[in-house]
Amino acid sequence: MKKKVKTYTLDEVKDRALGKRGAPERDQYEYKLEMSIICDRIQKMRKEQKLTQGQLGKIVGVQKAQISKLESGAGNITIGTVVRVFSALGAHMEFKVVNKPKRKKAA
């Protein structure tokens, strides 16, 4: 008789390793992951269009160093810069904002 192996969803693993959603460690992990995806996508699109970091920087109106930092995820990245870069690369961005249910106040 085979022993049944317990499987876990990715969220369950994250809950155990980093805490539930809203925990500081979990939020920091999720933020870094999302920024990594955005940075990788910018770099991939730039290379697909055969642009150097300097060329993209001139189109966007920033220095090459800022494009380099953006692609590597170093430093502070503003939404405005990300939007301008994606726009310069011919991409459309959409943001989704979801209201969280309000917590009930303790009586």
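Modeller: First, a definition. On a 1 Å grid over the protein atoms alone, a pocket is an open set of points with protein on both sides within 12 Å along at least five of seven lines, and its lining residues have an atom within 4 Å of a point. A volume is the space filled by probe spheres set on the points, which are joined across faces, edges and corners. This is a predicted model: local features need pLDDT of at least 70, side-chain atom pairs count only at pLDDT 80 or more, and totals for chains, interfaces and linings use all residues. Residues are numbered from 1 along each chain as its sequence is written, and side-chain values use heavy atoms, with hydrogens and water left out.

Biologist: What volume does the largest pocket have, and which residues line it?

Modeller: About 200 Å³. R21, G22, R26, D27, E30, Y31, E34 and K100 line the largest pocket. Sort them by class: Ala, Val, Leu, Ile, Met, Phe, Trp, Tyr, Cys and Pro are nonpolar, Asp, Glu, Lys and Arg are charged, and the others, Gly among them, are polar. Here six are charged, one is polar and one is nonpolar.

Biologist: How is the lining of the second largest pocket made up by class?

Modeller: Eight nonpolar residues, one polar and one charged. This pocket holds about 150 Å³. Its lining includes Y31, M35, I38 and F95. Two elements, α2 (24-48) and α5 (79-88), each give two or more residues to that lining. The largest share, four residues, comes from α2. Helices are DSSP runs (H or I, at least four residues), numbered from the N terminus.

Biologist: How should I read a salt bridge, and how many are there?

Modeller: Side chains of opposite charge can pair when their charged atoms come close. The cut-off is a side-chain nitrogen of Lys or Arg within 4 Å of a carboxyl oxygen of Asp or Glu. The whole structure has seven. In one of them, R26 pairs with D15, with the closest N and O atoms 2.5 Å apart. R26 sits in helix α2 and D15 in helix α1, so the pair ties together parts 11 residues apart in sequence.

Biologist: Is R26 buried or exposed?

Modeller: Buried, at 1% relative accessible area. Buried means under 20%, exposed over 50%, and partly exposed in between (1.4 Å probe, protein chains only). D15 is partly exposed, at 25%. R26 also bridges to E30, where the closest N and O atoms are 3.1 Å apart. Those two both lie in α2, four residues apart, about one turn of the helix.

Biologist: Which salt bridge partner does E71 have?

Modeller: R46, with the closest N and O atoms 2.5 Å apart. E71 is in helix α4 (residues 64-72) and R46 in helix α2, 25 residues apart. E71 counts as buried at 6% relative accessibility.

Technical notes: On a 1 Å grid over the protein atoms alone, a cavity is a set of points where a 1.4 Å probe fits but cannot get out, and a pocket is an open set with protein on both sides within 12 Å along at least five of seven lines; lining residues have an atom within 4 Å of a point.
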